[in-house]
Each structure stands twice: as structure tokens, then as C-alpha cells.
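I opened the model today to look up a few places in the fold. My notes follow the display.

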Amino acid sequence: MAMGTRQDDQAPLWIATSELPTGPGHPFYTRLNAVLDAAGFDRYVEGECHRFYAPRMGRPGLAPGRYFRLLLVGYFEGLDSERGIAWRAADSLAIRRFLHVGLEDATPDHSTISRTRRLIDVETHRAVFTWVQTQLVSQGLLTGKTLAVDATTLEANAAMRSIVRRDTGETYQAYLTQLAAASGIATPTREALARFDRRRKKKGSNDDWTHPDDPDAKITKMKDGRTHLAHKAEHAVDADSGAIVAVTVQGADVGDTTSVVETVVEAAEQLERAGASGALDELIADKGYHANRSLIDLHALGIRTYISEPDRGRRRWDQVPDAQALVYANRRRIRGQRGLALLRRRAERVERSFAHLYETGALRRTHVRGHQNILKRLLVHAGGFNLGLIMRQLVGAGTPRGLQARLGVRCACLAASVDALRLPWPVLWTFAASPIVTPSYTNGTLSAATLA
């Protein structure tokens, strides 16, 4: 074979579409598209989004099915910003095929994605999330009888240095300079202001400060100890299958005992809209949700609670007599064998949804502002998580990276087996098509052990 040389960069005037290079497509996205097409996803979202599009004139819009697929790419690929989603769509032939974009067409840029997100309201995003839940119900993956609830904080797209006083509109720097001058520091330097600020107590109250561009962001302490503007996301997860039933977004300063009722009501409505067979009957939560008022409110909704109880010492019930029987009943349930098993399951199910949406899904730090915009992204990410449960049934993995890791384990085990067992080629192909196996030694005897 002769060595090739670089040719002229002049592009041809005409080129047949049949001669354009095509990629084989990613097996995960190919199968996911088959699932969505078989269930009529594009027809459904086009009907839901019909009212947001003008009948004629103007710039060509982004097809609803393509828009929601782009947000799903953000979840599956771990892309936090819409710029990253647009770049990935333009760069990958497999993503183009998933989006149904030909090589002769341009992929949407980030401004088109952002414009479409602002155009389509949050209720339509919730309707798409409900549509995915109906697919789970049809597959028998969602009953909704027992739910687990937990919350986490999301870093806001706003800097602490930009906060202003609610009453006067002063910036934090100007306010601090004024306080330093009143204390006797005539011309404070930046270092002097920093030392002065460290000595102050209770300086970051949400009652006094807000961000001018994102009023929904609240000052709070993150899990790593940093003080930052943040939002609170709360999940209600089916304890049996791990499917996300409801997602709500509140201010980071809202307590768990205050937000739990809103999340539970939203979860009950979602189960009804999705047509789940079971009715919401039980709720599992950690000790941050334990309070007299929350137990009373949940009992009024007809929900039996399994909420971990913090150590409060000896209790007095003369002020809240209605809560005494509910607290004792909840305590008795969480100490039982079933209650302990449910609390362990809660940690597994809810933390898994947090890991997929906010760590590998890259939404721990938001790139949009306002609870409505954040909720739109979260609902589609939660829908992608639920689609992953269906894909796990079909291909054994819920994400493209999970499928890649599974195939990598299979190839590694296959290579080890070929080396250890020295299988002939006919047996080798049968071995490759079988469940994942690996050679193991027991008492000096070589055997093949199946991996779960």
C-alpha cells in the first residue's frame, strides 16, 4: 500500500448524499430511539407543544422531539450546559442519528435550545415526565405504594459577591465599607475589610440579602462547608423499583419538614396521571423530616410513615397532644424488622437518583436561573433516569457509559477465558454470546463462574 499525500482543501461544488460518511450509531441510543418511536414519543410531544409554535413566518423552530432528545443527551452524556449539549450534538455522528439530524443539516446551536426551553412552559415538561412514567407503568416498573423522600442542594448560577440588600439595594462591598467606617476605619483596604467581615456574626441572612438576577437562590451552607447561593431539589422515589415519581424545587432555606407535604402531594398527583395501579400508602424518610406537624399532616393525607426519629430526650405532649400517638406509632414501626429494611432501601434508592441526576448527570451546579427553568431541566433528567430503568431491562444498562462498561467487562472476561481455558473458535463464539463469565479457581480446579 502506497503512502497517501494530503489533497487540495477545495471543497467540491456538488456531493451526493449517498456519498456522505455515516456512523454505525451507538447501540444504546439506537435501542432508545426504537423504544421512543414504538411508543409514539414524537407525535405525543408535537401535540403537547403545538400551541407554542407560530403557524408561519419567523425563524424555523426546533422540533419538540428533537428538543427533548437534546436534553436527554445532556443527562446521558453528563453535560451541564446547553452550550455543551449543542457542541456534543454537532461533534458526534451517533448523537446526530439519535436526534434524526442528517449530515446535510446543521445541528441546533445553544441559543436555539435556550430559546425553545424558555418558550415551552414547565407544565409541558412535566407532561413529558408523566409520559415516561406511563411507559414504566405499562412495563410493570412503577406501583407507587411505598415512596422514599429526600432532598439535596444545587449550587446556583449566582455569585455571593453580587448579592444586594433587600431594603436599600446596596452591594455587600458598599455595605461592609460603610460598617467599617462607622467602626473607626476611615479608609479600609480589602484586607482590612476581610478581617472586619470575619469578626461579624449572622452576616448572611436571607431576610436581608438577595441576588438581583436570581431572587430564587438562597444563601445556605453546602455539604462541603462552603457558604453559597443554592437551591433545594427534593425527590420522591418508588421504593420498589427506584423510579423517580416526583421532583420539586424550593429555596435552599426551606426546611425538609415544610417541603415534604408539597412533594408528597405532587407525587400522588403524578401517580394518578400516570395511571399507577397502587395508591400511595407509605412514606420513608430520614430524621430531617421528623416533626410533630409533618407527622400530623401526613396522617391527614392517609399516609403511614417510616421516618427516622432523632434523639430529643424525654418529650412533653401537653402542647401537642394530637402528635403523641402518631410519634409513638412511627417509632414502633421504624424499630420493626420491616421498618429497618425500608430505611435501608430508602438510602439505596434515593441516593442512587441523586448520583445519576447531579453527579454523573452534571446538574449539581445549575447553569440556568429561576426555579421554573431549573425544574424544566430536572424533569427531563428525571425522565431520562426513568427511561434508564426500561433500558436496563432491555440491554442490561441504563446509560451509554454503563453499557460501555458492561461490554468492557465482557471483553476482559472473554480474553481471560481464552487465555486460561484455551477454547477453540466455535466454543469461543458461543461463549461470547452467553452471559458474562470469568474463570475462577476452587481448590486448584479451573471453573467458569457467571457474573451477575
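I started at A148, which lies in strand β1 (residues 146–155). Helices (H or I, at least four residues) and strands (E, at least two) are DSSP runs, numbered from the N terminus. Residues are numbered from 1 along each chain as its sequence is written. The model is predicted, so local features need pLDDT of at least 70 and side-chain atom pairs count only at pLDDT 80 or more, while totals for chains, interfaces and linings use all residues; side-chain values use heavy atoms, without hydrogens and water.

**A148.** Is A148 buried or exposed? A148 is buried, at a relative accessible area of 0%. I use buried for under 20% relative accessible area, exposed for over 50%, and partly exposed for in between (1.4 Å probe, protein chains only). I listed what A148 touches, not counting residues up to four places away in sequence: H235, A236, V237, I284, R346 and V350. Contact means heavy atoms within 4.5 Å. I also checked G242: it is 94 residues from A148 in sequence, yet 9.1 Å away in space, C-alpha to C-alpha.

**Cores.** Next I looked up nonpolar cores, meaning sets of buried Ala, Val, Leu, Ile, Met, Phe, Trp, Tyr and Cys residues joined through side-chain atoms within 4.5 Å. The largest has 91 residues, and L32, F68, I244, L283, Y358 and L378 touch the most other members. Helix α14 (residues 371–395) gives this core its largest share, 11 residues. A second, separate core has 13 residues, including A156, Y172, L193 and L229. I then followed Y358: leaving aside neighbours within four places in sequence, it contacts T152, L154, A233, H235, L363, R364 and L378.

**Salt bridges.** I found 25 salt bridges in the structure. The criterion is a side-chain nitrogen of Lys or Arg within 4 Å of a carboxyl oxygen of Asp or Glu.

- R338 and E282 pair at 2.9 Å, N to O. R338 sits in helix α13 (residues 337–359) and E282 in strand β7 (residues 282–285), so the pair ties together parts 56 residues apart in sequence. E282 is buried at 2% relative accessible area, whereas R338 is partly exposed at 43%.
- E266 and R273 pair at 3.3 Å, N to O. E266 is buried at 15%; R273 is partly exposed at 43%. Which network holds this pair? E123, R126, E266 and R273 are linked by salt bridges.
- R293 and D297 pair at 3.4 Å, N to O. Both lie in helix α11 (residues 292–300), 4 residues apart, about one turn of the helix.
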